[in-house]
Each structure stands twice: as structure tokens, then as C-alpha cells.
Amino acid sequence: MKINLAHLLIAFTLGIVLASGILVQNAYAAQPHMINALENLRAARHELEIAEHDKGGYRDRAMGTIDEAIAQVKAGIAAGD
């Protein structure tokens, strides 16, 4: 059986996908509260995005604060790995 470039690329891509899944699963298992916090922050930001815009600027400031919190949580997850 001859291995061609397409088969090699498919195998490589599948390997990357599987490795990524394992890394995410390990991060989740090691830091479930940080992962849950990240998911909750993303959900909160989404709720603010779909809220009415006329909030005296507080909605926009809250989204900025959540963006900062998301960045901090991501940094914390990376530091804990």
C-alpha cells in the first residue's frame, strides 16, 4: 500500500485533534474550577452582548471588565499547567 500526501495530512491532522482533546481534558481534570469560571465568564459576556445597549456605558464597561477577567483566568490556567 502506497502512502500518499493526502493520507499523511489526514493522519497528522487527526493526531493534532486527538492531542488537543487530551490536553484540554487534562487541563479540565486538573483545574475544574478555573475552567468552570472561564465558561461562566464567557456566558456572562454573551448575556451582556445581547442585552439592550442603552445602559449609560455600564454594559460596555462590564464587558471590558469581563474580558480582563477572562484573560486573567486563561493566564491562571496556563500557569497551573
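**Entry 1: Asp 67.** I started with how open this residue is, bearing in mind that the model is predicted. Asp 67 comes out at 34% relative accessibility, so I put it down as partly exposed. Next I looked up its partner. Asp 67 makes a salt bridge with Arg 45, and the closest N and O atoms are 2.4 Å apart. Asp 67 sits in helix H3 and Arg 45 in helix H2, so this pair ties together parts 22 residues apart in sequence.

**Entry 2: Arg 45.** Is Arg 45 buried or exposed? I checked, and with a relative accessible area of 19% Arg 45 is buried. The cut-off for buried is under 20%, so I noted the value as well as the label.

I then found Arg 45 in another salt bridge, this one with the side chain of Glu 49, at 2.4 Å from N to O. Both residues belong to helix H2, which runs over residues 32-50, and they are four residues apart, about one turn of the helix. Glu 49 has 40% relative accessibility and therefore counts as partly exposed. Put together, Arg 45, Glu 49 and Asp 67 form a network of salt bridges.

**Entry 3: Arg 59.** How many salt bridges does the structure hold? I get three. One of them joins the side chains of Asp 60 and Arg 59, with N to O at 2.9 Å. A reminder to myself: side chains of opposite charge can pair when their charged atoms come close.

Accessibility for this pair: Arg 59 is at 8%, so it counts as buried, while Asp 60 is partly exposed, with a relative accessible area of 46%. Arg 59 is located in helix H3, residues 58-80.

I also listed what Arg 59 touches. Leaving out residues up to four places away in sequence, I have Leu 48, Glu 49, Ala 51, Glu 52 and His 53. Glu 49 turns up here too: its backbone oxygen is 3.4 Å from a polar atom of the Arg 59 side chain.

**Entry 4: the core.** Which residues make up the largest nonpolar core? I wrote down seven: Ile 35, Leu 38, Leu 41, Ile 66, Ile 70, Val 73 and Ile 77. H2 and H3 each supply at least two of the core residues, and H3 gives the largest share, four residues. For context, nonpolar side chains in soluble globular proteins tend to be buried together.

Not counting residues up to four places away in sequence, Leu 41 touches Ile 66, Ala 69, Ile 70 and Val 73.

**Entry 5: H2 by itself.** At 1.5 Å a residue, its 19 residues should span 27 Å, and the end C-alpha atoms are 27 Å apart, so the two agree.

Where do the buried residues of H2 fall around the axis? First the list: Ile 35, Leu 38, Leu 41 and Arg 45 are the buried residues of H2. They cover an arc of only 120 degrees around the axis, which means they are on the same side of H2. I then turned the helix over: the face away from that buried side carries the exposed residues His 33, Asn 40 and Ile 50.

Conventions. Residues are numbered from 1 along each chain as its sequence is written. This is a predicted model: local features need pLDDT of at least 70, side-chain atom pairs count only at pLDDT 80 or more; totals for chains, interfaces and linings use all residues. Side-chain values use heavy atoms; hydrogens and water are left out. A polar contact is a pair of N or O atoms within 3.5 Å; within protein, one must be able to donate a hydrogen and the other to accept it, and residues adjacent in sequence count only if both atoms are side-chain atoms. Contact means heavy atoms within 4.5 Å. A salt bridge is a side-chain nitrogen of Lys or Arg within 4 Å of a carboxyl oxygen of Asp or Glu. Buried means under 20% relative accessible area, exposed over 50%, partly exposed in between (1.4 Å probe, protein chains only). A nonpolar core is a set of buried Ala, Val, Leu, Ile, Met, Phe, Trp, Tyr and Cys residues joined through side-chain atoms within 4.5 Å. The expected span of a helix is 1.5 Å times one less than its number of residues. The arc is that of the directions from the helix axis to the C-beta atoms.
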